[in-house]
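Trainee: Please take me through this model, beginning with the backbone.

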Amino acid sequence: MTATALAADWNVARIRDDFPILHQRLAGDRPLVYLDTAATAQKPQVVIDKLVEALTQYNSNVHRGIHQLGDRMTTELEAAREIVQRFLNAAEPDEIVFTSGTTMSINLVAHGWARKFLKPSDEILVNEMEHHANLVPWQMVAKATGAVLKYIPLTTDGRLDLTALDDVLTSRTKLLAVTGMSNVLGTVNPIGELARRAHAVGAKILVDAAQSVPHQATDVRALDVDFLAFSGHKLYGPTGVGVLYAKRRLLEQMDPFLGGGHMIREVFHDHATWADPPAKFEAGTAPFVEAVALGAAVEYVTALGLDRIHAYEQSLLDYATRQLAAIPGLTIHGPAVEHKGAIVSLTVDGVHPHDLADLLDREGVAIRAGHHCTMPLHELLHLTATARASFAFYNTMGEVDALADALRKARRKFRLPG
Ligand SMILES: Cc1ncc(COP(=O)(O)O)c(C=O)c1O
């Protein structure tokens, strides 16, 4: 099936029935138009049911239970790990570490790998479209190790300037940290090519996949990435759980980040030895209920089909881009639709993004305004804030119209011409 046929085949009304929150009315009896999925995704009933099932039928701490409930929860947790492994096409379940989210996953690599292996004058390559979660940990590593932070320049339309890559990716580069998809510009980065070029100079690549995993299929082996991080709550799962994928060899070489229960093999009075990965990186009580429900979320999106999700979301993005481009004084920041995913960050001449978000909220349209944890990117754009609408497979073309109508109304409120 072509992408157009896949998108046309999408039964969005049926899918919306899976998401109880979407059917509520807001103040003024307005329907909720939820366009803030990039901040956190809504949860399908199967995820909510899984949380309730875990809490009501087999809630018990994992790995230590010498009883039936503990065994059941442990089995469910390890099944969730295998679901995530298949979702990413990782080589083995032990390459999947459950964390509290993308931020924790990246910090785990920063502490466990980068602080151990980086030396003064080694280089870490980042770029200005990164979320603070994939910038600040590397600034901290640079400070602690003497390594140097380098930036891949961006093109004027907000893509990585690969023509300049060889200037900054050199034998001194030890890590290339890059987002799979920008949470502001929507830019989708060519991870496979970046991994190949990083490996060619002996560097590792870490992918912040917080925004990319919900929108497109991810195959860590085909892409040959070394580290990949994402959050459960942006993938239709619960908050409090996330994933770090890393190649087994790297997990074995890394030091643990947090010390405590479960991550040890033996503890003596003055030292301890470590458990094998992933336990080595899962100190303390894991977010086991949330991880089990994340497994249900991954099964849900897998059953819908990432290719079909992608095709439908791109058709929404294409429609939104055309509708919004017709509004006078409105600028969409970022590249053309073929280079991005379903996120539209915009500004409207004469209206502050926060006022826009506030006026849209009065129409029931939930968007987000601010710097979206990307201050260097906003500095590059000479902006302090943007208004961001982010789409998911449960959004409709009618909701895109509601967004465009609400933006027009906001302009009228500010008495802007056109
Ligand atoms: C691209 C990107 N990376 C990292 C994060 C941080 O995710 P979390 O707060 O779930 O750790 C976000 C959250 O918005 C994001 O969009």
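**Backbone, sheets and helices**

Trainee: Where does D224 lie?

Mentor: D224 lies in the loop between α9 (220-223) and β9. Helices (H or I, at least four residues) and strands (E, at least two) are DSSP runs, numbered from the N terminus. Please note that this is a predicted model, in which local features need pLDDT of at least 70 and side-chain atom pairs count only at pLDDT 80 or more, while totals for chains, interfaces and linings use all residues. Residues are numbered from 1 along each chain as its sequence is written, and side-chain values use heavy atoms, with hydrogens and water left out.

Trainee: What is the phi of D224?

Mentor: D224 has a positive phi of about 60 degrees, although it is not a glycine. Most residues other than glycine have a negative phi, and most peptide bonds are trans.

Trainee: Which peptide bond is cis?

Mentor: The bond from P277 to P278 is cis, with omega near 5 degrees. P278 belongs to the loop between β12 (272-274) and α11.

Trainee: Now the sheets. What order do the seven strands have?

Mentor: The open sheet runs β4-β10-β9-β8-β7-β5-β6, with mixed pairing; two strands pair if DSSP finds at least two bridges between them. β4 (96-99) and β6 (148-152) are at the edges with a single partner strand each, so one side of each has no neighbour in the sheet. Neighbouring strands are turned by 20 degrees against each other on average, direction ignored.

Trainee: How many bridges join β9 and β10?

Mentor: Five bridges join β9 (residues 227-231) to β10 (residues 242-246), in the antiparallel sense. Within this pair, A229 is opposite L244 in β10.

Trainee: Which helix packs on the sheet?

Mentor: Helix α6 (residues 136-145) does, touching β5 (123-127), β6, β7 (173-179) and β8 (204-208). Contact means heavy atoms within 4.5 Å. The direction of α6 makes about 160 degrees with that of β5; axes are lines fitted to C-alpha atoms, for helices over the stretch in contact, and angles run from 0 to 180 degrees between N-to-C directions.

Trainee: What order do the four strands have?

Mentor: That open sheet has the order β13-β14-β17-β16, with antiparallel pairing. Its edge strands, β13 (330-333) and β16 (368-370), each pair on one side only. β13 meets β14 (residues 343-348) over four bridges, and L330 stands opposite V348 in β14. Helix α12 (residues 306-325) packs on this sheet, touching β13 and β14, with its direction at about 10 degrees to that of β14.

Trainee: At what angle do α3 and α4 pack?

Mentor: α3 (residues 45-57) and α4 (residues 68-88) pack at about 160 degrees, with their axes 10 Å apart. That makes α3 roughly antiparallel to α4 (over 145 degrees; under 35 is roughly parallel, 65 to 115 roughly perpendicular, the rest oblique). The contact is made by K50, E53, A54 and Q57 of α3 with L69, R72, M73 and E76 of α4.

Trainee: How do the axes of α3 and α11 cross?

Mentor: They come within 8 Å and cross at roughly 150 degrees, with α11 comprising residues 288-304. α3 is thus placed roughly antiparallel to α11. V46, V47, K50, L51, A54 and L55 in α3 meet residues of α11, including V289, A293 and Y300.
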